[in-house]
Amino acid sequence: TLRVQYRMHEEIMRCTNEFYEGKLTCGLSKEKQMEIKQHGFTIVKKDSGGTARMSGTELITPNQHAVWIDSTFDRNGHYCSEQRPLTTTSRRNEREVRIARQLIDDFNEQIGQRKEEVPENLWSGDHMLRHLDPEGRLAVGFITFYADQKNAFREIANEGDSWARMRTRWPNLTVQADTVDRFQGGERPII
């Protein structure tokens, strides 16, 4: 049984630790986490709609690596329940996908801005840019428990376009959406 992990920042690990009965620990020192797990992003809520968080609230910062966002209500205060197709036990939450799309848009924009600010020969030392692939894209994962949520991601976040065309929507990212089971063992700088 896994007891010590080295892949994720300790704050993110705490989000999943209940599945390990609270026994999972981070094998990286605080200093090592600051060195290799720092991301450099600041994601700010743009308006007051949809959640109790107000406009201007910092959701992700260089010192905050995980955030829980309540997707229960839409921007107008209407309840957004999970939907379940009649022919399967899978589920989808379209509000959750729309929130994820906005966050991914923000990551894409910040990577693009940072690439303009930092000379390419310095990217490997930059917190935000050091994980870019040879094409200058950052790998991002959208992980869900349900196959229908993965389908909703393609339909909504990518506006029904093919997975390959997602590269056009987010030119600074390589986004992979999949189920927990299919993603098992995978690793991305942003999940």
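**Entry 1: a salt bridge to start with**

I began with K46, which forms a salt bridge with D106; their closest N and O atoms are 2.7 Å apart. This pair links distant parts of the chain, 60 residues apart. I found K46 in the loop between β3 (43-44) and β4 (58-60), and D106 in helix α3 (residues 94-117). A note to myself: this is a predicted model.

Next I asked myself: is D106 buried or exposed? D106 is buried, with a relative accessible area of 7%. The cut-offs I kept in mind are under 20% for buried and over 50% for exposed.

**Entry 2: the pair on β6 and α4**

I then looked up D178 and found a salt bridge with K150, the closest N and O atoms being 3.4 Å apart. D178 sits in strand β6 (residues 173-179) and K150 in helix α4 (residues 147-157), so this pair ties together parts that are 28 residues apart in sequence. D178 is buried, with a relative accessible area of 8%. K150 is partly exposed, at 22%.

**Entry 3: R91 and E82**

Here the side chains of R91 and E82 meet in a salt bridge, 3.4 Å from N to O. I checked the exposure of both partners. R91 is partly exposed, with a relative accessible area of 26%, and E82 is partly exposed too, at 41%.

**Entry 4: a network, and the charges overall**

Which residues are linked in a network of salt bridges? I noted R92, E94, R98, D148 and E155. As a reminder, side chains of opposite charge can pair when their charged atoms come close. The structure holds 16 salt bridges. I also looked up the charges of the chain: there are 28 positive and 29 negative ones, and their mean positions are 3 Å apart.

**Entry 5: stepping back to the whole chain**

I turned to the fold last. The chain has 6 helices and 6 strands, and from the N terminus on they run β-α-β-α-β-β-α-β-α-α-β-α. The radius of gyration is 17 Å, close to the 16 Å that the globule rule gives for 191 residues, so the chain is as compact as a globular protein of that length. Along its principal axes, the C-alpha trace spans about 50 × 40 × 35 Å.

How much of the chain counts as buried? I wrote down 37% of the 191 residues. The accessible surface comes to about 11,500 Å², and 49% of that belongs to carbon and sulfur atoms. Lastly, among contacts between residues at least 6 apart in sequence, 53% join residues at least 24 apart.

Terms used:
Residues numbered from 1 in each chain as written. Predicted model: local features only at pLDDT ≥ 70, side-chain atom pairs only at ≥ 80, totals over all residues. Heavy atoms only, no water. Helix = DSSP H or I, 4+ residues; strand = E, 2+ residues; numbered from the N terminus. Rg over C-alpha atoms; globule rule 2.2 N^0.38 Å. Buried < 20%, exposed > 50% of the residue type's maximum accessible area, 1.4 Å probe, protein only. Contact = heavy atoms within 4.5 Å. Areas by Shrake-Rupley, 256 points an atom, 1.4 Å probe, with all protein chains shown as cover. Lys, Arg positive; Asp, Glu negative; His and termini not counted. Charge placed at Lys NZ, Arg CZ, Asp CG, Glu CD. Salt bridge = Lys/Arg side-chain N within 4 Å of Asp/Glu carboxyl O.
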